[in-house]
Amino acid sequence: MPNNHYDAIVVGSGISGGWAAKELTEKGLKVLLLERGRDIKHVKDYAEANKPIWEYPHRGDRTQQMIEDYPNLKRDYPLNERNLHYWASDKDCPFTESKPYSWFRGYHVGGRSLMWGRQSYRWCEEDFEANGREGIGVDWPIRYKDVESWYTYVEKFAGIQGSYEHLPQLPDSHFLPAMELNIVEKDVAAKIKKHYNNLRTLIIGRSAHITQKIPGRELCQYRDMCWNGCPFGGYFSTQSSTLPAAEATGNLTLRPFSLVKEIMYDKDTKKAKGVVVLDTTDNKTYEFTSKIVFLCASSFNSTWVLMNSATDIWPDGLGSSSGELGHNVMDHHFRCGAGGQVEGFEDKYYFGHRPTGFYIPRFRNFGSDKRDYLRGFGYQGAASRQGWGREVAELSIGGDFKDALSEPGAWSIGASAFGEILPYHDNVIKLNRNKTDKWGLPVLDMSVEIKENEKKMRKDMQEDLAEMLNIAGVKNVRTYDNEYVPGMGIHEMGTARMGRDPKTSVLNGNNQVWDCQNVFVTDGACMTSASCVNPSLTYMALTARAADFAVSELKKGNL
Amino acid sequence: MNRRELIKMIATLTGGAVIGGEFFLAGCNNPDKGVTLAFTADDTAFLDEVAETIFPKTQSAGAKEAKVGDFMTRYVTDCYTQPDQEAFHKGMDMINAACKKQHGHDFMKATAEQRTALLIAIDKERAEYQKNKKQEDRPHYFQSFKQLTILGYFTSKEGRTTATRYEPVPGKYIGDYDYKKGDKIITNFD
């Protein structure tokens with residue numbers, strides 16, 4: 001008879017779950033880490049990491065068969081020949097779309113920590129205060145000062161490179177030495193800074209790559225092959241960072257192929273007893289019990305577990321008493337911006353493949369700036385010399401044509417804005433019991449859209465960058481809007497928001513489910529608003545903070 | 001959006017061609033049942049010669065050595081929609097027909113000089129057509145031969161290692177790196 005009781009159960013092994021497992025095991029708890037998908041061992045299982053492009057029959061591109069098999073994934077870059085095996089199968093794990101939604105998931109140990117964009121930014125004071133001040137959604141129950149030390153704590157461990165800028169809208173992290181802007185980016189940065197009198201800046205994109213030794217990991221090698229898994233551990237992932245730390249304590253049990261169907265709720269104690277797991281290798285269910293449960297299954301899946309739990313007490317699931325469970329879905333809207341050609345610098349190039357670009361922090365609706373919409377956006381982009389894929393108009397075919405394409409072309413620069421989406425109650429996910437997945441479980445239905453505020457913002461997202469590039473002397477500046485479908489940002493947030501009042505929120509200020517206080521939700525589901533910066537660093541900080549709180553409450557006998 | 005997509009977006013925005021899969025945006029919906037969609041060994045040999053004419057051996061490898069013909073058949077068969085496959089097969093016939101008209105015999109029987117002259121003429125026609133065509137019109141048939149040659153060549157081992165400076169593990173980044181005319185593109189293994 002195997003031991004099925006633990007101090008804590010963590011559901012999901014991505015960025016948040018990995019952090020929960022590390023923190024709880026290091027504090028002495030016996031932890032069961034459940035992952036619905038297969039295991040991927042660090043380095044050993046990164047099959048694509050050292051595979052050159054010519055070993056792929058279609059050189060990384062998608063085939064017609066792939067397009068047929070992945071009707072959702074095909075909408076963006078996840079459908080490719082290189083790391084397709086890291087993205088969840090549309091066929092096995094379907095969902096329905098009352099409104100168009102793109103859901104790109106990673107169902108394996110490490111989750112999307114293996115494929116994430118690695119951009120890492122702190123939230124600012126304003127991000128935590130805006131909802132309350134503007135009367136949008138509900139007020140965050142916490143402020144920047146509540147998370148500040150946790151940011152520092154997770155940054156020291158994860159390793160975040162970046163430059164110290166002292167910007168109120170983008171607090172500095174505890175940084176490793178910054179990666180370098182290239183010469184054209186530096187030139188554009190200087191011109192923007194001068195023209196806007198420091199109110200707008202172009203800085204190196206802050207990212208979870210190590211530029212200084214961290215035990216157990218090697219420095220980033222500037223291969224820019226991150227999304228295959230890094231054999232050097234050059235970027236933060238569950239595998240490179242939190243999992244080895246958790247395993248080192250001797251307190252961790254990792255169980256892959258363990259799909260959590262529901263949380264077992266005890267109505268007498270008003271606490272969770274543990275979870276019911278569907279083992280996807282033998283299709284049998286197993287019960288595991290624990291004192292506390294950390295739901296870190298990714299925003300929508302954490303909410304899905306709640307929706308399927310304690311339905312005899314609350315028909316809409318555990319944590320649904322406020323009527324907010326599943327509501328207030330957010331993402332970042334993007335795929336629009338501007339770009340252009342840079343004259344000169346023909347005697348300059350760059351060496352190495354930098355795995356980050358530049359970042360232009362938010363400047364709209366900040367300080368004295370006021371627009372006809374709320375919140376703001378930041379830009380992520382790069383300057384580069386054109387490669388072999390370019391048009392060489394003056395050359396037809398032949399040896400000269402080939403030799404010309406073997407040399408870098410002109411410089412160009414461009415970026416996409418990433419804008420904040422407000423939390424709208426009617427942007428919602430619901431259980432769709434009329435459709436089931438491979439395991440016979442009900443799927444999610446998505447009903448999410450951007451509204452007037454975001455649409456107005458998209459105009460500025462294009463025009464502001466065009467203006468800055470023009471000011472910097474960039475030629476042939478063009479704006480673009482490649483259209484955004486909710487979810488494409490792969491920053492899904494909300495659906496179990498934190499708040500101050502159990503009547504209007506699902507979680508309290510310590511990520512505890514109001515209705516069941518030994519269940520913590522610390523992934524993107526907990527977000528009360530979205531900010532415009534990439535969210536993962538904040539999940540890390542909130543998870544470490546909640547784990548600390550949970551253990552202190554356990555010690556006090558409160559859980 | 002990942003960085004690869006960002007670079008592609010900038011390329012599109014600044015006039016670079018996006019090469020690969022879905023460039024035939026206006027697909028014809030009346031498949032011609034008369035066209036066979038399988039490639040023969042002769043077809044592969046033909047495509048090798050077309051590609052070699054587009055990208056001949058210089059101080060770097062030629063397209064034939066990089067097995068671009070074989071790549072084209074695989075890519076067209078697996079990645080193209082049926083109408084695009086048909087257009088590609090027809091395009092092979094059109095190259096041959098144009099060769100007969102210009103030189104009096106099939107492309108495979110033509111000398112290297114004749115092939116070059118022919119494809120320069122076809123490429124001129126292509127450039128002219130592309131410039132004037134309406135958005136919804138199909139691209140000129142030679143467009144895909146040229147683009148697949150570029151794609152197949154620069155993603156091949158021979159092309160990547162002889163026509164570019166292949167640096168799979170640079171170990172560092174220098175953002176202000178001196179460049180002189182003739183220095184090659186620095187590439188990784190993607």
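This is a predicted model: local features need pLDDT of at least 70, side-chain atom pairs count only at pLDDT 80 or more; totals for chains, interfaces and linings use all residues.
User: At what angle do helix 5 and helix 6 of chain B pack, and how far apart are their axes?

Analyst: An angle from 65 to 115 degrees counts as roughly perpendicular. Helix 5 (residues 112–132) of chain B and helix 6 (residues 141–154) of chain B pack at about 110°, and their axes are 9 Å apart. That angle therefore makes helix 5 of chain B roughly perpendicular to helix 6 of chain B.

User: Which residues of helix 5 of chain B meet helix 6 of chain B?

Analyst: From helix 5 of chain B they are B:I122, B:D123, B:R126 and B:Q130, and they meet B:F142, B:Q143 and B:K146 in helix 6 of chain B. By class, this contact of helix 5 with helix 6 of chain B has two nonpolar, two polar and three charged residues.

User: How does helix 2 of chain B pack with helix 5 of chain B?

Analyst: Helix 2 (residues 41–54) of chain B packs with helix 5 of chain B at an angle of about 75°, with the axes 9 Å apart. Helix 2 of chain B is therefore roughly perpendicular to helix 5 of chain B. B:E49, B:T53 and B:I54 of helix 2 make the contact with B:R115, B:T116 and B:L119 of helix 5 of chain B. The classes in this contact of helix 2 with helix 5 of chain B are two nonpolar, two polar and two charged residues.

User: Are helix 1 and helix 6 of chain A roughly parallel or roughly perpendicular?

Analyst: An angle under 35 degrees counts as roughly parallel. The axes of helix 1 (residues 15–26) and helix 6 (residues 238–248) of chain A come within 7 Å and cross at roughly 25°, so these two helices of chain A are roughly parallel to each other. Their crossing is left-handed.

User: Which residues of helix 1 of chain A meet helix 6 of chain A?

Analyst: Helix 1 of chain A gives A:I15, A:G18, A:W19, A:A21, A:K22, A:T25 and A:E26. They meet A:T238, A:T242, A:L243, A:A245 and A:A246 in helix 6 of chain A. The contact of helix 1 with helix 6 of chain A has six nonpolar, four polar and two charged residues by class.

User: Now the strands. How many bridges join strand 8 of chain A to strand 9 of chain A?

Analyst: Bridges show which strands pair and in which sense. Strand 8 (residues 258–266) and strand 9 (residues 271–279) of chain A run antiparallel and are joined by eight bridges. Within the pair, A:I263 stands opposite A:V275 in strand 9 of chain A. The hairpin of these strands of chain A has four residues between the strands, and A:K270 takes a positive phi near 60° there.

User: What is the strand order in the open sheet of three strands in chain A?

Analyst: The order is 3-18-17 (chain A), with mixed pairing. Strand 3 (96–97) and strand 17 (428–436) of chain A are the edge strands, each pairing on one side only. Strand 3 and strand 18 (residues 442–447) of chain A pair in the parallel sense over two bridges. The bridge partner of A:T96 in strand 18 of chain A is A:D445.

User: How many residues of chain A are in contact with chain B?

Analyst: An interface can be read by residue count, then by element and class. Here 63 residues of chain A are in contact with 64 residues of chain B. Elements giving two or more residues to the chain A side include strand 12 (336–342), strand 13 (348–351) and helix 8 (399–405) of chain A. By class, that side of chain A has 21 nonpolar, 26 polar and 16 charged residues.

User: Which strand of chain B is joined to strand 13 of chain A?

Analyst: Strand 2 (residues 174–178) of chain B is joined to strand 13 of chain A by three bridges, and the two run antiparallel. A:F351 stands opposite B:I174 in strand 2 of chain B.

Key
Residues are numbered from 1 along each chain as its sequence is written. Chains are lettered from A and ligands numbered from 1 in the order in which they are written. Axes are lines fitted to C-alpha atoms, for helices over the stretch in contact, and angles run from 0 to 180 degrees between N-to-C directions. Angles under 35 degrees count as roughly parallel, over 145 as roughly antiparallel, 65 to 115 as roughly perpendicular and the rest as oblique. A crossing is left-handed if the near helix is turned anticlockwise from the far one by less than a right angle, and right-handed if clockwise. Two residues are in contact if their C-beta atoms, placed from the backbone, lie within 7 Å. Ala, Val, Leu, Ile, Met, Phe, Trp, Tyr, Cys and Pro count as nonpolar, Asp, Glu, Lys and Arg as charged, and the others, Gly among them, as polar. Two strands pair if DSSP finds at least two bridges between them.
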